[in-house]
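Here is a short report on sheets, helices, domains and a pocket. Have the coordinates open while reading.

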Amino acid sequence: MAKPTPISGFPEWLPEQRLVELHALDTLRARFESFGFAPLETRAVEPLDQLLAKGETDQEIYVLRRLHAADDEGDAGLGLHFDLTVPFARYVAQNRGRLAFPFKRWQIQKVWRGERPQVGRYREFYQADLDVVAEETLALDFDAEMARLLVESMSALPVPPVTLGINNRKVLQGAYAALGIDDVPGTLRIVDKLDKVGERGVLDLLVERAGLAPQVAEACVAIGRIRTADASFADAVRALVPANALLDAGLDELTRVIDALADLPAGSVVANLSIARGLDYYTGTVYEGQLRGHENLGTVCSGGRYDDLVGGGGAKLPGVGVSIGVTRILGRFLGDGLLRATRSVPTCVLVTLPSDEARPAARAAANALRARGIATEVFHEAARFGKQMKYADRRGIPFAWFPPADPSAPHEVKDLRTGAQTPADPASWTPPADDLRPRVVPAE
RNA sequence: GUGGGUGUAGCUCAGUUGGUUAGAGCGCCUGACUGUGGCUCAGGAGGUCGCGGGUUCAAAUCCCGUCACUCACCCCA
């Protein structure tokens, strides 16, 4: 057999890293459910026309194909989902009659994108999504609540605080209309690069690629330069471009959202008029978050409002949602060794096996510990104690348990970190709360 | 898809102008340690030098091709 090798963009972790990932996923789920979001999982595949229809620019999609498929095979029209929003929209449209609106759900699943991997960029990765969809109208309060949820969920993870930039598509679209720009999507996409190529680069691109007049390009960059922690961005925009209905609507929405988030920790939310988002289906509020101190990782969470994504005849189903790039975040913190678990196995106690005759006693002790929620394993052979303790040590198991040679004698338990060994009763001994499960800690 | 870098032991890497049986550290196994790990010491296992072809008396080393990984562009979590 050929030497097994990693596949680029398909991350696989060691158990101690997977424990960190599971911790993150569990934390997010608990946080999502504490806000009343319902759980949901959708299938891995969607019809290709569905995946391609939702305004994606040119998302690289993995197509489903049976190895021995005939040319006219029916599955040919299926592809793996590249996000969780599009499948969610389909699910809502499909189950509309059975859902209660406004419908709020969390969804954590893997998604696949056929792009070239790079730092923070994978072909298979976890996204953790929150969305709410309503019938006919969706209150603007939800736009603010989504931002709040995103900030609070991210703060529950063992990573630095997030800086969430918020903008409103209507602001940019209204402003661009006022400036007489025809290619709004193209302009949006270039302005979105402000952080990456800088003002000079964006100016050049706007003039050369989008064909804007230099003073119009200047105005676009000036708008994109606006960052405010409060609602003062509105006056800044109005000073740059003449008003119109769309612009006013966008500024009003963004003002209300920013004002509603004023109580969040300073710096966690900022009106950032450079945020455009590549996805075409966003129609109002858009979000983009970065981790403080890890801005070079790019966007780690994002989302926005979509008024027309959930189609399917009849009434409108507007929604707003956000997505956390779990794998992008953990890829940095695990890959650079910034986070680790305190051990590589769930085991809290290793029951040593002094002899084959002691098996029943060892098993009984293990069962007594497990019955009280203490993860316990029994060593697999009656080997030297040194070997058995080394087994525990290698895995970071904190406690070794010694059944007595003489049934009338007490059991003993040893803390492998301190070396302290004391008599203990398997029916009542309890480890310190911190040792019960592997914990996630900063490395070094 | 375009361009750059890299491929030697499980991991991180040495390997001088091509020259005998390809090395180190870490990790792993055994023992010193006749039932208590970590430290130390002594042994040991483990490599078709990514793959294919070429040049040469001789290739890990030079040339060509190919694959993989990786970085940047594109786009994005």
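Val-351 stands opposite Trp-401 in strand E15. The two strands involved, E13 (residues 349-351) and E15 (residues 399-402), pair in the parallel sense over three bridges. The model is predicted.

Two helices accompany this pair. Helix H13 (residues 385-395) packs on the sheet and touches E13, E14, E15 and E16. The direction of H13 makes about 155 degrees with that of E13. Helix H12 (residues 359-371) lies across E13, E14, E15 and strand E16 (411-415). H12 runs at about 170 degrees to E14.

The sheet itself is open and has five strands, in the order E14-E13-E15-E16-E17, with mixed pairing. Strands E14 (376-378) and E17 (421-424) stand at its edges. Each has a single partner strand, so one side of each is left without a neighbour in the sheet. From one strand to the next, the twist averages 25 degrees.

**The nine-stranded sheet**

Another open sheet has nine strands, ordered E1-E4-E5-E11-E10-E9-E6-E8-E7, again with mixed pairing. Its edges are held by E1 (38-39) and E7 (227-228). Each of these has a single partner strand, so one side of each lacks a neighbour in the sheet. Strands E6 (residues 162-168) and E8 (residues 269-272) pair in the parallel sense over three bridges. Leu-164 has Val-269 in E8 as its bridge partner. Helix H4 (residues 141-155) lies across several strands, including E4 (103-112), E5 (124-133) and E9 (285-291). H4 runs at about 15 degrees to strand E11 (319-324).

| Helix | Strand | Angle |
|---|---|---|
| H4 (141-155) | E11 | about 15 degrees |
| H12 (359-371) | E14 | about 170 degrees |
| H13 (385-395) | E13 | about 155 degrees |

**Domains and pocket**

Chain A is divided into domain 1 (8-138 + 307-341) and domain 2 (349-442). Their centres, taken over C-alpha atoms, are separated by 42 Å. The contact takes seven residues from domain 1 and five residues from domain 2.

Which domains contribute to the lining of the second largest pocket? Domain 1 and domain 2 each supply at least three residues. This pocket holds about 260 Å³ of space. Its lining has 13 residues; Leu-19, His-23, Asp-26, Arg-437 and Pro-438 lie nearest the centre. By class, eight lining residues are nonpolar, two polar and three charged. Helix H1 (residues 15-34) gives the most to this lining, with four residues.

Technical notes:
Residues are numbered from 1 along each chain as its sequence is written. Chains are lettered from A and ligands numbered from 1 in the order in which they are written. This is a predicted model: local features need pLDDT of at least 70, side-chain atom pairs count only at pLDDT 80 or more; totals for chains, interfaces and linings use all residues. Side-chain values use heavy atoms; hydrogens and water are left out. Two strands pair if DSSP finds at least two bridges between them. Contact means heavy atoms within 4.5 Å. Axes are lines fitted to C-alpha atoms, for helices over the stretch in contact, and angles run from 0 to 180 degrees between N-to-C directions. On a 1 Å grid over the protein atoms alone, a cavity is a set of points where a 1.4 Å probe fits but cannot get out, and a pocket is an open set with protein on both sides within 12 Å along at least five of seven lines; lining residues have an atom within 4 Å of a point. Grid points are joined across faces, edges and corners, and a volume is the space filled by probe spheres set on the points. Ala, Val, Leu, Ile, Met, Phe, Trp, Tyr, Cys and Pro count as nonpolar, Asp, Glu, Lys and Arg as charged, and the others, Gly among them, as polar. Domain bounds come from an automatic or database domain assignment.
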